[in-house]
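Trainee: Could you walk me through one part of this model in close-up, and then tell me what surrounds it?

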Amino acid sequence: MTTTASVNTGDGRRTGAPVVSFENVSKNYGTVRAVADLSLDLYPGETVALLGPNGAGKSSTLDLLLGLRNPDAGRVEVFGTTPQEAILQGRVGAMLQSGGLMEEVKVRELVKLACDLHPKAFPVEQVLEAADLTGIADRLVNKLSGGQEQRVRFAMATAGANDLIVLDEPTTGMDVSARQAFWGVMREQTRQGRTVLFATHYLEEADAIADRVIVLRGGKLLADGSAAEIKAKAGARRIVFDLDQPVGEGALRELPFLASLEMSGRTVRIQSHDADATVHALYGLGLYPRNLEVAGLGLEQAFLAINDAATAEEAAR
Amino acid sequence: MKTLVKLEITRTLRNKKFVFFSVLYPAVLYLLIAGGASNAELVEGTKLTLPLLMMVSMASFGAITAVLVGNSEKIAKEREKGWVRQLRLTALPGRGYVAAKVASASVVSLPAILAVFAIAAVVKGVRLDAAWQWPALVGSIWAGSIVFAALGVAIGYLASGDAVRPVTFIIYFALSILGGLWMPTTTFPDWLQSIAKWTPTHAYAALGQAIEVGDAPHLKDVGLLVAYLALFAGCAAWLYRKDTRKG
């Protein structure tokens with residue numbers, strides 16, 4: 001696939017045996033292709049964000065990684081063994097959106113269960129504290145809010161010393177401060193050398209936290225690299241300015257290297273494949289742009305640009 | 001594993017409605033059915049009185065209620081809510097979940113058996129020939145209920161959502177009536193009696209009835225129950241694995 005960026009970070013992180021290895025993995029649900037010939041490796045100590053639009057195969061990929069589903073073709077290995085075996089060894093902790101909680105039990109009882117089941121468990125009180133559950137430890141699980149439930153799931157995923165932590169949309173339902181606290185705890189985990197893989201809808205989270213971003217689309221690998229590399233791969237920069245006089249959109253459309261153009265009132269937003277040439281031509285039109293800003297794309301825009309390019313490519317076929 | 005069993009028991013006991021129906025319902029039903037019967041008359045074709053016969057039947061019925069209905073509904077519900085998925089992300093082996101469910105169900109079935117026995121002995125004055133028969137009866141009814149706990153697990157994996165309750169009750173009532181738990185099978189027509197003899201509930205009740213007359217349980221009944229246990233546990237294991245692959 002021409003759009004796949006294969007990246008070697010070269011910072012020495014990718015040494016040692018892969019933590020997770022997907023080899024030509026495919027999974028279909030009836031006629032729906034959830035994961036298509038996916039190959040990827042995760043290495044120790046990486047913090048990896050899994051991005052993609054709804055239906056891109058993120059959850060299916062995580063299900064396969066955790067052995068909750070078996071692939072139709074290909075091979076999934078976690079720590080050189082089957083996902084099930086890696087989980088039984090207590091090397092993997094996971095927090096799933098679809099993971100339900102036991103009802104009619106107290107938060108502390110449930111967290112204690114997770115600790116007792118873990119071969120390398122932390123003390124219960126410590127796990128409760130880290131997930132900010134100490135204050136509600138005696139509440140019944142079925143009486144919690146969405147964000148509180150999410151924290152209980154997090155506590156269950158971090159009940160012991162896992163080498164790999166898998167999180168599916170972990171901060172959904174959390175408010176901003178809870179989200180920040182959550183990533184604070186996660187950073188502490190990666191500092192201790194753990195590998196973290198998380199799927200998210202919040203691209204700013206991926207941008208701020210992940211040192212590697214994997215973009216899926218239609219169950220296929222669309223891009224794989226650092227956030228900076230993904231942005232560079234989108235191959236565009238963003239130009240924003242105000243016009244000091246009304247100008248027809250048609251004239252601006254003539255600018256070279258234009259990827260997109262958007263006007264609202266006098267403010268113009270352009271994505272350009274060569275920002276220097278576009279700005280130069282702008283002056284050439286006799287315009288005098290005010291408040292001119294030239295910047296790289298945010299991860300979100302880069303993600304959309306890559307996604308749009310892939311859609312266009314498919315349509316052209 | 002021990003924590004899971006303990007937790008399953010705790011939450012079962014917290015569900016007051018379930019405990020009430022599982023523990024007291026069979027005893028109440030016993031009084032309704034055997035309440036008017038006399039201790040002097042023998043049930044046709046047996047050497048037992050109705051109050052004695054029904055004591056074993058209702059204790060068996062109560063034990064089945066606790067393990068079968070409790071398990072199938074809980075498992076179906078927990079599957080739907082994703083708790084089973086969550087548990088599979090822990091180091092608990094799959095069979096651990098099933099074992100915990102069976103164990104916690106047994107905790108409710110024991111008082112259900114004892115309640116029927118107590119009512120029968122106190123209210124109806126049921127007496128057995130030898131003292132050993134009481135613990136032997138409790139033990140065999142309790143142990144035999146494991147067969148139905150396994151059936152409950154299988155149903156819990158077979159049916160889901162709204163279907164689980166009707167499916168459970170159809171199987172449960174059919175087995176209870178056919179097996180003679182509600183009325184002696186001697187009242188059935190011949191063709192139905194020959195079918196009834198092969199039901200797990202009949203073999204289960206027969207365990208207790210053999211002990212009642214002072215015999216050891218018949219090998220045929222024990223064998224039949226073991227075969228059913230293997231069948232139900234096998235089905236449960238197969239359905240559990242299928243649940244993994246399902247899309």
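Trainee: Let's take strand E13 (residues 290–296) of chain A: how many of its 7 residues are buried?

Mentor: The count is 0, so to speak a strand that is hardly covered. Here a residue is buried if 20 or more other C-beta atoms lie within 10 Å of its own, exposed if 12 or fewer, and partly exposed in between, with C-beta atoms placed from the backbone. Strands (E, at least two residues) and helices (H or I, at least four) are DSSP runs numbered from the N terminus.

Keep in mind that this is a predicted model, where local features need pLDDT of at least 70 and side-chain atom pairs count only at pLDDT 80 or more, while totals for chains, interfaces and linings use all residues. Residues are numbered from 1 along each chain as its sequence is written, and chains are lettered from A and ligands numbered from 1 in the order in which they are written.

E13(A) has a partner: strand E10 (residues 237–242) of chain A runs antiparallel to it, joined by 5 bridges. DSSP has to find at least two bridges for strands to pair. Within this pairing, Arg238(A) stands opposite Ala295(A). As a rule, side chains in a regular strand alternate between the two faces of the sheet.

How far to trust chain A? Its mean pLDDT is 86, with 95% of its residues at 70 or more; pLDDT is the predictor's confidence in each residue, from 0 to 100. Over residues 1–12 of chain A the pLDDT is below 50, and this stretch has 23 contacts beyond near neighbours in sequence. A contact puts two C-beta atoms, placed from the backbone, within 7 Å. Where pLDDT is low, the predicted coordinates should not be read in detail.

Now for chain B, which has 10 helices and 0 strands. Buried residues make up 47% of its 247 residues. One of the buried residues is Tyr204(B), which counts as such because it has 31 C-beta neighbours inside 10 Å. Tyr204(B) is found in helix H9 (residues 200–212) of chain B. Leaving aside neighbours within four places in sequence, its contacts include Ser60(B), Gly144(B) and Leu225(B). Ile141(B) is 63 residues away along the chain, yet its C-alpha atom and that of Tyr204(B) are separated by 7.3 Å. Among contacts in chain B between residues at least 6 apart in sequence, 79% join residues at least 24 apart.
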